[in-house]
Amino acid sequence: MSIFEPSEGTLVVVPSLSLPQDELRRIKAARCYEERLLFLLLTLRAPGISVVYLSSTPIDQEIVDYYFSFLPDPDDAARRLHLITVNDPHSQPLTRTLLDRPEVIDRVRSVIGDDAWLVPFVMSELEEQLAASLNVPIYGPATSLAYYGSKSGAREIGTEAGVPMARGFGDLYTMSQIEDAVLSLPGERVMVKLNDGYSGLGNAIVPKDDWTRTEFSAGADETWTGFAAKLAERGGVVEEFIEHRPLYYPSALARITPGGHYDVVATHDQVLDGPVYQGCTFPARIEYRQEVSASATKIAKLLAERGVVGLFGMDFFAMKTDAGYAALLCEVNLRIGGTTHPFGAALLTTDAVYDPATGLLMSGDQPKYYTATDNCSAGCLRGHTPGQVVRMVERLGLGFDGRRRTGNVFHLLGAVPEHGKLGFTSIGDSREEAEELHRITRQALCGG
C-alpha cells in the first residue's frame, strides 16, 4: 500500500499538528501547515480512490480547483472528495477538536466505506482515538513505538543499526545528567536537544565555558529555567557540536507498509536557516547519496521488524573527509515531514518512479529533479487570493507544463492572504533547470 499511488479505497487525511504547541506557536502561519497534505488530492486521478480531507478552517475553493487542474477529470474527482472542517481557527491540534465534535465524526463515518484508512500528519494518542472511533486502520506508527522517533530513540536505533552518528548521550532528564554529558564530550560547545523537538525547534547550542551564552533555537525568550523544565518532562540528548565546514544536511524519506515491506523512496538535501527547515532539493548530492540511502535502509529494516508502519524521515549531517564524504545520522522523525509533500507532488505530477540504484526519479527515460521551499514570503503577496497568485505565475509562464512534466507545483496557498507566504516545488529535467526555475519564480513572487 502506498499513499502516493493508491489504487482504491478512501484516504481519511488528518493533517493535525499534534505536536508540542509551545514551539508550534513560533512558526509563521502554522495553522496553514494543515495544507501540506493537499498533494494527496492528486491521488484522485485513480478512479477507485476517494479522499476525506479534514481541516480546522475551510480550504479555499481556488486551492482545490488548482489541484484539480492537474487531474484528467476534475468533475469526477470532485465527486470523490469530501472536505470536512471543524471551522475553528484557534483550536489546536485539529484532532483534539475533532474528538470533541461527535457530529463531525458522524459525518466522516457517513462518507467512508469498509476500505478506508487514516493518513495522519503526525501520530499521537489523539489520532489513535480518532481511528478507533471511526473503526479504520492507520497508515502511521503506533504511539507505543513513538520512542524511536525521539532524539534518544534515534540514537538507540542508530547504534543498533550500526550507522555513524555524532558522539553523544540520550535519555537525559535532569540538569546534573546534562552537565555530566556536556563535560564528557570534546569541543568548545555542544548541542542539547529536546526529545520531541521538530523543525529545528527545541535545540540549544551550549558553550562549555559559559552557559549564559547558550543559543536557544526557540529565541531570546527561552531560558535555562524553561528549557530545564521541558527536559524534565520530555527528556533529551546531548551531542557533540559538528564544527566541520562546509556541512551538508541530507535526509532520507522511507516507507514501511502494513505488510512489513520497507524501502527508501527519496533522498534530499535540506535547506536550513540556522536550525530551521526552509526547503529541500532532490536528490541529495551524489557524493553521499548512496551512503545516506544505505544507512536509512538499515534503520528502516529495524523499524519494520519492530512493527512501525507509514512514512518517516531521517536527517543526517554530511561532510568531506580525507577518505571521502561521511554521513552521520542526526535524527529519525516518525511522521510526515517537510520533504514529503514535494516528493509526493513531483511523483504524482510527473508519473515518475524512484530508482533505488541511482537515487533518481525516472519519468520514462528522463530523470526528474526538483527544488522546493516552504517559506517564500513577501509583503507584496499579502491580501492577494490564492487564485490571483496562481494566475499571475501562469501568465509569466512559470506554471506546470503537463507535456514536459516540468514546472511549479504550489502549496501552503492558504497562507497568502493573511501572511503573504506560500511554498512551491520547482521540477526540471536537470538540477540546473529546477534551480533556475526556482530562482526565477521566487524573484517573481518575492522580488528576490
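**Helix packing and cavities**

Mentor: The crossing of H5 and H6 is right-handed. A crossing is called right-handed if the near helix is turned clockwise from the far one by less than a right angle, and left-handed if anticlockwise. This is a predicted model, where local features need pLDDT of at least 70, side-chain atom pairs count only at pLDDT 80 or more, and totals for chains, interfaces and linings use all residues. Residues are numbered from 1 along each chain as its sequence is written, and side-chain values use heavy atoms, with hydrogens and water left out.

Trainee: At what angle do H5 and H6 pack?

Mentor: Helices (H or I, at least four residues) and strands (E, at least two) are DSSP runs, numbered from the N terminus. Axes are lines fitted to C-alpha atoms, for helices over the stretch in contact, and angles run from 0 to 180 degrees between N-to-C directions. Here H5 (residues 102-111) and H6 (residues 125-134) pack at about 55°, with axes 10 Å apart. The two are therefore oblique to each other; angles under 35 degrees count as roughly parallel, over 145 as roughly antiparallel, 65 to 115 as roughly perpendicular and the rest as oblique.

Trainee: Which residues make the contact?

Mentor: Contact means heavy atoms within 4.5 Å. H5 contributes Ile105, Val108 and Arg109, and H6 contributes Leu130, Ser133 and Leu134. By class, that is four nonpolar, one polar and one charged residues. Ala, Val, Leu, Ile, Met, Phe, Trp, Tyr, Cys and Pro count as nonpolar, Asp, Glu, Lys and Arg as charged, and the others, Gly among them, as polar.

Trainee: How many cavities of 30 Å³ or more are there?

Mentor: On a 1 Å grid over the protein atoms alone, a cavity is a set of points where a 1.4 Å probe fits but cannot get out, and lining residues have an atom within 4 Å of a point. Grid points are joined across faces, edges and corners, and a volume is the space filled by probe spheres set on the points. The count is two cavities of 30 Å³ or more. Of its 14 lining residues, Pro120, Tyr139, Gly140, Leu311 and Ile336 are the closest to its centre. The lining of the largest cavity divides into eleven nonpolar, two polar and one charged.

Trainee: What lines the second largest cavity?

Mentor: The second largest cavity, of about 70 Å³, has a lining that includes Glu35, Arg36, Tyr67 and His411. Helix H11 (340-350) and strand E19 (406-411) each give two or more residues to this lining.

Methods
1 Å grid on protein atoms, 1.4 Å probe; cavity = no way out; pocket = protein on both sides within 12 Å on 5 of 7 lines; lining within 4 Å.
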